[in-house]
Amino acid sequence: MKKIAYFLVLITMIACSSSSSEEPLQTGNSITSFQMEINGEVVSGQINQTNNTITLNVTDANLSSVTPGLSISVGAAINPAASTPRNFNQEVQYTVTAEDGTRRIYTVVVNNRILSTENSITLFELPINGETISGNINQDDNTITFDLVGADVSSLIPTITISDSASISPGTSSAQNFDDNVSYTVTAENGDERTYQVVVNNRPLNAENEILSFVVGINGESIEARLDSDLKEIAFETGSFNISRLIPEITVSEYATISPASGEAVDFTVPVTYTVTAENGETKQYIVKINQAYSIKPFGSWGFNNQANALLVYPRAKIGVSIAFLNPSLPGAQVYLNDGINKIALSNLSVEMYENQRVIYYQMTTVIPDNTLTSKTYKLTYEFDDLIVESDIFVDVLAEGAPKINSINQDLYRPGDTLIVTGENLTPVIVVPSNGSQYIFNPAGNIDTELNAEKTEYRLILESQTFTFAYRAFFFYSGDTREVIFTNLEERRLGEQITINVER
């Protein structure tokens, strides 16, 4: 019994001696470092030992199968093993177990920023004449378009906005010549490129400064003025219409302006000048000329007017002169014949004024003077102060053999009387204007007339029957005077005339 007890005591002593000599178990269960190799670079994670997280920030990494590098506490174990590839596109957990069996779970979060693919120009501006102009950006065909007018675009520094994280070439601080198309390349963060063409449509400033139409309303009628760009004149007629407040409607060259403006009421009783300013600033002034369509022309008895652009007359012939807007009765006004050599003053026997189609006419009666020399190229001329107006129609004067009336045989003629005219170079044909008609007494037409061989006496029986030619010419129509005009019928040249008194 004593031996057994001794053995037990010995075992107990041995056991107690062994237990007191062992090391204590490790309690560390931490991840002390955590790295990943991303795109050839080692990225260290930020370890938060308080909330057991490991955070890594990477860019454009392929995280689907990555084997990290890590360190843990001495004596600890990790699960899964560090050598095991993991998919870090999502959160990954690691369990670290200390030697003493205590565990700690870490969550690994990898923030993987993907490189931007954006490579757009979102704003493109040019400084034009002190103003900032934005281009029209078409993202479909990669064009940036400007529509400008008369701009200097040879050296401009644009203002450009592009996608975040992108770059652009040429740079935004570089001046460019936009007279030609300019290319800009935008490179996204991921390297993708996009090229834009900047197209500046730079229309030159228009230099046209013409009045294209000028219309005024007169008595409910729209009157279009005559425009002469060379003379720079605006001309129209208003006759006696009140022109103190006319409102023209005006069209001018494209992009031009005019002053006074179209639609603005203007007092035309005083001289008016219109100024047209082209888009490029060049100006042209037009002078308004109202009722200045001046003209002068001769006319004879009906049927004896202009022959081959000339009125054919003898000296002492009575003619009419029609003058537009120019009063021959004004003091100092002159009307004369002028062939460049000879100037023959014409007397003003009478003047009548009338208006037609907004034109005021002065109809003057005159006589070709005795002293007028033969010339085919006389022009009727009106002169007043510095104004000279000539006729387009010639007055052809033949002085040789001109009829000359000396006398008639009676003071008053009745049906059945005989008209006897004495003179020199009398013609066998006379014309009698009556009630708007011309009665031509021509011996070849079976008219009872007689001219002596010396051409000094002309006789005409004024028949008393109402159906006869002479009676109708002299007595049928109302009025107590008739004009007897001697004429050369073949040439239709007018000669001297005499007024006779008639009684029915």
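N39 sits in the loop between β1 (31–38) and β2 (41–44). Helices (H or I, at least four residues) and strands (E, at least two) are DSSP runs, numbered from the N terminus. The model is predicted: local features need pLDDT of at least 70, side-chain atom pairs count only at pLDDT 80 or more, and totals for chains, interfaces and linings use all residues. Residues are numbered from 1 along each chain as its sequence is written, and side-chain values use heavy atoms, with hydrogens and water left out.

N39 is not a glycine, yet its phi is positive, at about 50°. The residue counts as exposed because its relative accessibility is 59%. Here buried means under 20% relative accessible area, exposed means over 50%, and partly exposed lies in between (1.4 Å probe, protein chains only). R358, also not a glycine, has a positive phi of about 65°. R358 falls in the loop between β30 (350–356) and β31 (359–367). Most residues other than glycine have a negative phi, and most peptide bonds are trans. Two cis bonds can be described here. The peptide bond from N79 to P80 is cis, with omega near -5°. P80 lies in the loop between β6 (77–79) and β7 (92–97). The bond from S259 to P260 is cis, again with omega near -5°. P260 belongs to the loop between β22 (257–259) and β23 (273–277).

The protein chain as a whole holds 2 helices and 42 strands. Its radius of gyration is 59 Å, well over the 23 Å that the globule rule gives for 504 residues, so the chain is more spread out than a compact globule. The radius is taken over C-alpha atoms, and the globule rule is 2.2 Å times the number of residues to the power 0.38. Along its principal axes, the C-alpha trace spans about 215 × 45 × 40 Å. Of the 504 residues, 38% count as buried. Among contacts between residues at least 6 apart in sequence, 56% join residues at least 24 apart. Contact means heavy atoms within 4.5 Å. The chain exposes about 27300 Å², and carbon and sulfur atoms supply 46% of this area. Accessible areas come from the Shrake-Rupley method with a 1.4 Å probe; for residues, only the protein chains shown count as cover.

Two strands pair if DSSP finds at least two bridges between them. β6 and β7 run antiparallel and are joined by 3 bridges. Within this pair, A77 stands opposite T97 in β7.

S120 lies in the loop between β8 (103–113) and β9 (121–128). It counts as buried because its relative accessibility is 11%. The side chains of S120 and R194 are joined by a polar contact of 2.8 Å. Such a contact is a pair of N or O atoms within 3.5 Å; within protein, one must be able to donate a hydrogen and the other to accept it, and residues adjacent in sequence count only if both atoms are side-chain atoms. Leaving aside residues up to four places away in sequence, S120 touches Q139, T161, I162, S163, V186, R194 and Y196.

N338 has K379 in β32 as its bridge partner.

Helix α2 (residues 469–476) has A470, Y471, A473, F474 and F475 as its buried residues. These pack against β35 (412–413), β37 (429–434), β38 (437–441), β40 (457–461), β41 (481–488) and β42 (493–502). At the start of α2, a side-chain oxygen of T468 reaches to within 3.4 Å of the backbone nitrogen of Y471.
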